[in-house]
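Subject: Structure handover

Hello,

Here is the structure I promised to pass on. Please open it alongside this note, and then read on for what turned up.

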Amino acid sequence: MITLNNVSFSYADNEQCACEQTLSSLSFQIESGEFLCIAGPSGCGKTTLLRLLAGLHMPTEGKILVDGSPVCGPREDMAIVFQDYALFPWMNAHKNVQFCIRQTHPGISASDAAAMADRYLEQVGMADAGNKHPYQMSGGMRQRVAIARALAMDRKILLLDEPFGALDARNRTDLQNLLETLWCAENNPAKRRTIVFVTHDIQEAVRLADRIILMEPGGIAESIPVPLKRPRTLEDGPAGEQFRQIRRSLTDRLMELDRPAGRACRCGGPA
Amino acid sequence: MNKKQLASVSSFSGFFSVFIPHVLLAVLAGIILFVPKKKQLLHAPGALLAALLVIELLFLIHFLMQKRKQNRGGRSGAQSGILSSTDGIPSSAALSYTEGPRDIMIFVWLIMILWETCTSVLDLAHPVLVPAPENVFFTFYEHWNVMLLNIAYSMELLLAGMIIGLTLAVILGLFCGWIPRLKAFAYPIANVLAPIPAVVISPYLVSLMPSFRSASALVVVLGVFWPQFLSTINRIGSIEPEILDSARMLHLRTPVMLFRILLPYLIPGILTGLKVTMTTSVLMLNFAELMGATHGMGYYIQNSITYANYAHAVAGIIVIGVVVTILNRIVGFIQKKLIRWH
């Protein structure tokens, strides 16, 4: 369980913005095994919040606790997938996954790591592309490898920062299905990974999340549960009607929020 | 335009691209062999003719390889070239692969004709300072063993200096770039020391070091080390944040971070810098060799100038040009093989 206690953050080195906090006094909890989406307009601090959870930034005030212990630096029980893939460009797909396995499973033999890497690449549908380097792959393929890499790290918390934001519609749908399938593969909901998924796409949030935290600039606007059955088929039947209803109310709520772009001072850093 | 016409166009232009340089070559050979010479003390033209033959062969090999590449590269390239030229828009696609080498050859033969005419045939240039091509190329025949020895001697120093300088720069740069405390210590010091040109202090180094060889190696090491050391630190400072973040999430130990992440990340930059570095080190080395060496290419030229033997000096200059070109080709080849991912 992840607990945020009055967490505030500002990019202190950014002089123009010293006056203003990127995030102020956030408090909420993320249950173990929950699929949480953080949605909201761009520039409202979604990515900053995720980086705080990952320990890549430190909160200026307040505390983040994971199972009771405070986050003070990147933790050994989290993996992260970035929007821009962040694969190591000098390694091919297989080496990228294998390298992560060997670093996160100390003592594993090279052949075991290779076999494991094969398995994870197969899970994301990249079994044939193991010897390709990132520069030879499309965005969708790279993100599949990045997901395989994050899964291979075998961490109980998975953070995703707009992972499908740069992909075309077809790839995005495929990867959404893939992510849900992989996450649901563990039948016992209590044993599933905790997933925190940042997106600006309401449709995507409703498609994937157990719960959506809708952010407004500087803080949380609302926390909305999504009580749809899994695996989700969204377009038809009564579930489809329910889906559209949730999406509509969320979109309306989003339109009411202040647009951060209109404000005098927008904090830098990754949006 | 149908295929037949296309083919005839390309063979026509192909004929011309070889035709003009060869007319010039024939004129040059004719002047060398049959025109009476005014200049005294000319060596036999055999070495010069052999050199022309070698240049011609290199040109033909290069030309044929480019032509094959063009034919393999596909009809589409040629077709788009023709289309864009009818639009009146010059484009790089319109430039045939063979035009570059042809223009270069025309330039080379014209220079040679001018040189031969001004010196040997009409004796217009300064009789001592501007040697005749016959005499310059005769040097290669006369001195090939001395020259090879000097090249080997220079290369040994150059390689030793570069390997030591580069290895030190990259390893120390890795540590200083990654560990903040070391960086805070070493970076300001390096910024003060790096701009001191090693060439200027090389006479001092020559008297300071126990032997001349170690002094010239040190000059090369210094010339390579400082720029590579500083740029290694700078490159680590500007590493892509995504790569750094995903490495941080993996909890890598410092040695793994340095040698599995940062080092491979740096290699393309190091190799790109290597071409410039190598030209600089050849410069450094040759300069150091002017200082009082007893071997080496720089020494050879210096020695020839001391004895007013300008034919030997010019031959030495040509050799340095050829050697640096070959070294650059080797670096380019390594670059291609090692960093395809970049």
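Start in chain B, where α11(B) passes α12(B) in a left-handed crossing. Keep in mind throughout that this is a predicted model.

**The α11 and α12 pair, chain B**

Helix α11 of chain B covers residues 297–306, and helix α12 of chain B covers residues 310–338. Their axes come within 8 Å and cross at roughly 160°. Angles over 145 degrees count as roughly antiparallel, so that is what α11(B) is to α12(B).

Which residues of the two helices make the contact? From α11(B) they are B:Met297, B:Tyr300, B:Ile301, B:Ser304 and B:Ile305. From α12(B) they are B:His312, B:Ala313, B:Gly316, B:Ile317, B:Val319 and B:Ile320. By class, eight residues of this contact are nonpolar and three are polar. None is charged.

α11(B) is also largely enclosed by the rest of the structure, because seven of its ten residues are buried. Those buried residues are B:Met297, B:Gly298, B:Tyr299, B:Tyr300, B:Ile301, B:Asn303 and B:Ser304. The cover over them includes α5 (133–178), α10 and α12 of chain B. After the helix comes B:Ala308, with a positive phi near 55°.

**One residue in α10, chain B**

Next, look at B:Gly273. This residue sits in helix α10 of chain B. Is B:Gly273 buried or exposed? B:Gly273 has 20 other C-beta atoms within 10 Å, so it is buried. The cut-off for that class is 20 or more. Setting aside neighbours within four places in sequence, B:Gly273 is in contact with B:Gln228 and B:Ser231. For a sense of distance, take B:Val108: B:Gly273 is 165 residues from it in sequence and 30 Å from it in space, C-alpha to C-alpha.

**Where chain B touches chain A**

The contact between the chains takes twelve residues from chain B and 18 residues from chain A. On the chain B side, α9 (241–249) and α10 (254–289) each supply at least two residues. The largest share of that side comes from α9(B), with six residues. By class, the side of chain B that touches chain A has seven nonpolar, two polar and three charged residues.

**The two domains of chain A**

Now turn to chain A. Its domain assignment gives domain 1 as 2–77 + 157–262 and domain 2 as 87–155. The C-alpha centres of these two domains of chain A lie 25 Å apart. Their contact takes eleven residues from domain 1 and nine residues from domain 2.

Which elements give two or more residues to the domain 1 side? They are β7 (157–161) and α5 (169–184) of chain A. α5(A) gives the most, with four residues. By class, the domain 1 side has nine nonpolar residues, one polar and one charged.

**Helix α1, chain A**

Last, see helix α1 of chain A, residues 46–54. How many of its nine residues are buried? The count is nine, and the helix is mostly covered. The buried residues are A:Lys46, A:Thr47, A:Thr48, A:Leu49, A:Leu50, A:Arg51, A:Leu52, A:Leu53 and A:Ala54. A:Gly55 follows α1(A), with a positive phi near 85°.

Best wishes

Definitions and conventions. Residues are numbered from 1 along each chain as its sequence is written. Chains are lettered from A and ligands numbered from 1 in the order in which they are written. This is a predicted model: local features need pLDDT of at least 70, side-chain atom pairs count only at pLDDT 80 or more; totals for chains, interfaces and linings use all residues. Axes are lines fitted to C-alpha atoms, for helices over the stretch in contact, and angles run from 0 to 180 degrees between N-to-C directions. Angles under 35 degrees count as roughly parallel, over 145 as roughly antiparallel, 65 to 115 as roughly perpendicular and the rest as oblique. A crossing is left-handed if the near helix is turned anticlockwise from the far one by less than a right angle, and right-handed if clockwise. Two residues are in contact if their C-beta atoms, placed from the backbone, lie within 7 Å. Ala, Val, Leu, Ile, Met, Phe, Trp, Tyr, Cys and Pro count as nonpolar, Asp, Glu, Lys and Arg as charged, and the others, Gly among them, as polar. Domain bounds come from an automatic or database domain assignment. A residue is buried if 20 or more other C-beta atoms lie within 10 Å of its own, exposed if 12 or fewer, and partly exposed in between; C-beta atoms are placed from the backbone.
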